[in-house]
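Dear colleague,

Please find below the structure that I am handing over to you. A summary of the findings follows it.

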Amino acid sequence: MDRGMFPQAVALLLALCSLGPTSLAETVYCDLQPVDPQVTYITSQVSEGCVAQSPNATLEVHILFLEFLKEVSVLELTLQTSKHNGTLPREVLLVLSTNKTIFLKLQAPGIPLHLAYNPNLVIFQEPAKVNTTQLPPFATKGELLNWADTKGPITSAAELNNPQSILLRLDQAPRSPSSCSLEPHKDMGHTLEWSPNAQASVRGCRLEGVAGHKEAHILRVLPGPEAWPRTVTVKVELSCASRDPDAAVLILQGPPYVSWLIDANHNMQIWTTGEYSFKIFPEKNIPGFHLPNTTQGLLGEARRLNASVVASFVELPLASVVSLRAPSCGSGLQPSPTPVQTTPPKEGCNQELLLSLIQPKCSDDVMTLVLNKDLISTLRCTITSLTFWDSSCQAEDRDDQLVLRSGYSSCGMIVTENVISNEVIVNLLSSSSPQQKKVQCVNMDSLSFQLGLYLSPHFLQASSTIELGQQGFVQVSVSPSIPELTIQLDSCQLNLGPDMEIVELIQSQAAKSSCVSLLSPSPGGDMRFSFLLRGYMVPMPTTGILSCTVALRLSTWSLDVQRTVSTRLNIVSPGLHDKGLVLPAVLGITFGAFLIGALLTAALWYIYLHTRHPGKREPVVAVAAPASSESSSTNHSIGSTQSTPCSTSSMA
């Protein structure tokens, strides 16, 4: 043989030898069965969704279609946004459409959020300080999308199957279309990430013919609908008795555009496609290997790496974070218990969620509490009795509800001024001690709401007239004062008529523009703010309606109760409301003054030319006459487009 051919032959032989075990593993028998390691993940893949840009919108709309398996589920929903240059984020309308009842834990710090949902299906675990709208019933997704589109441009929409937690980022997604059209198997990218309620299906098996206790953990990430580079963080928590790196091997297989960031609590052998790095050295990328993309091929890789047990084998959609937790390491295969072998312990009653269902409704001097029996059963609770503080006032057992009701003068009600209080006592079969919850009502009919406009910051005398360009001072009061009741000025607006845009003054308890200032409350606790009305508008408004929405909350209520109060205003042009002059009269007077001035100037010039000494030719000096108040007013009034520093499209 030629000496030059010898190295090539050796390399070919080594390559064939390296391929030998893999090809042999393709036919290896391994019966994958459910095992006990736990795998959870976070992904941006949804069954249907879309993302769009709406850079010029003042209100952006996001829609979540939620499909659950259980009758009652718990959902954590977090909204995030980044503040650019210290500016407030835009207003957001979030539409929640769910097929089952959910207990919602909502976090939206600093976001002016409006929430549209079905109050019969969405129950807040904690009081939510957001504006709420009852979602109308819709038969199809298309009907809901059409309704949402009338509120503002749809920035994102997604359908999620059985979610446990959702993170929705409100930053505008770059390179997105201008309109949102639902696409199947959509990758929401940075806009939305979520984790499912159920754990991933994890299987394992024993590889025959391999000695030892080395175990393999195989994770296969399936390709997504869009191929762009991304990093998958893999968190591995193993309970190994020794620190032997040969005790376990981690095999990660995914599309070629996926790299891996590994965060493990135990030394192990790493075998991946693409590049990978470790959390402790994230800047050091290590090249991976070419791995088969079939189940049998990956099992063959585990056997080639001398693993005797596949402790976990899991296939997932393209995820951003994957967490693997194995309670044992190197002790052989731990099968997952099946219902045939053992019966899992029955979960107890979720008392916290049960108590959150107790929300009183008050009207006509009657407090009423209704509990749905299906929800009680779903929470695995068995109620033996439901009463007020006076145990003789028992709940009525109807077909599908438990109804507890009483007038304000019985069943141990405590009436203090305008607040009616009591306690609900719940006795459960699973608890030896009863559960108690304080409930309260406010007699809303006895509350009086007033809104007054003033023309000075002293708030001495209310006015029904305001000039264009004048600053108005507004006071909103609720009487009588109730210490247990928290009152906030939620929103205010000025409607100038059908030909003008509505001027938003306050939204989500914050000033809408620099022309609006929230003032300190009055000594009596009345809410106050000021606004500056733009001085020049076309067409000029003559009337307006100033309205404010007040949010009231008791500590025992999960949501705000809102009331709206309004007043009618007369709007006049600056300085003309006493003279009764209108724009045509002003134009006529101005033109007349101009014409008279021109004639007088011409007459004086004629007299000057004909009376001066003919031999004395002095240079003519042009002298500018001082501007009169009339001419100044003319320059300020005719065709003026000036505006105050606060001017906007609707107000200044």
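**Salt bridges**

Across the whole structure, a search finds 13 salt bridges, a salt bridge being a side-chain nitrogen of Lys or Arg within 4 Å of a carboxyl oxygen of Asp or Glu. Please note that this is a predicted model, in which local features need pLDDT of at least 70 and side-chain atom pairs count only at pLDDT 80 or more, while totals for chains, interfaces and linings use all residues. Residues are numbered from 1 along each chain as its sequence is written, and side-chain values use heavy atoms, with hydrogens and water left out.

One of the salt bridges joins the side chains of Lys 141 and Glu 48, at 2.8 Å from N to O. Lys 141 belongs to helix H2 (residues 141-149) and Glu 48 to strand E3 (residues 45-51), so this pair ties together parts that lie 93 residues apart in sequence. Helices (H or I, at least four residues) and strands (E, at least two) are DSSP runs, numbered from the N terminus. Lys 141 is partly exposed, at a relative accessible area of 27%, and Glu 48 is partly exposed as well, at 23%. Here buried means under 20% relative accessible area, exposed means over 50%, and partly exposed lies in between (1.4 Å probe, protein chains only).

A salt bridge also connects the side chains of Lys 186 and Glu 226, at 3.4 Å from N to O. This pair links distant parts of the chain, 40 residues apart: Lys 186 is in strand E13 (residues 183-187), and Glu 226 is in the loop between strand E16 (215-221) and E17. Lys 186 is buried, with a relative accessible area of 12%, whereas Glu 226 is partly exposed at 30%.

Glu 396 and Arg 398 form a further salt bridge, with their closest N and O atoms 3.3 Å apart. Salt bridges that share partners also join Glu 48, Lys 141 and Glu 159 into one network.

**Confidence**

The chain has an average pLDDT of 79, and 80% of the residues score at least 70; pLDDT is the predictor's confidence in each residue, from 0 to 100. Over residues 1-26 pLDDT stays under 50, and the model has ten contacts beyond four places in sequence for them. Contact means heavy atoms within 4.5 Å. Residues 336-345 also stay under 50, with four such contacts. Where pLDDT is low, the predicted coordinates should not be read in detail.

**The largest nonpolar core**

The largest nonpolar core has 35 residues, and those with the most contacts inside it are Val 476, Leu 489, Leu 494, Leu 505, Phe 529 and Phe 531. Such a core is a set of buried Ala, Val, Leu, Ile, Met, Phe, Trp, Tyr and Cys residues joined through side-chain atoms within 4.5 Å. Strands that each supply at least two residues of this core include E35 (471-479), E36 (486-495), E37 (503-507) and E41 (543-553). E41 gives the largest share, four residues. Beyond its neighbours within four places in sequence, Val 476 is in contact with residues including Leu 451, Leu 489, Met 527, Val 550 and Val 565.

Four of the five residues of E37 are buried, so this strand is largely enclosed by the rest of the structure. E36 and E37 run antiparallel and are joined by three bridges; two strands pair if DSSP finds at least two bridges between them. Cys 492 has Ile 506 in E37 as its bridge partner. E37 also pairs with strand E38 (residues 510-511) in the antiparallel sense, over two bridges. These two strands form a hairpin with two residues between them, and Ser 508 in the turn has a positive phi of about 55°.

An open sheet of four strands, with antiparallel pairing, has the order E25-E26-E29-E28. Strand E25 (361-363) and strand E28 (396-397) stand at its edges with a single partner strand each, so one side of each is left without a neighbour in the sheet. Strands E26 (residues 366-372) and E29 (residues 401-407) pair over seven bridges in the antiparallel sense, and Val 366 stands opposite Gly 407 in E29.

In helix H3 (residues 295-304), the buried residues are Gly 297, Leu 298, Leu 299, Gly 300, Glu 301 and Ala 302. Just after H3, Asn 306 takes a positive phi of about 65°.

With kind regards
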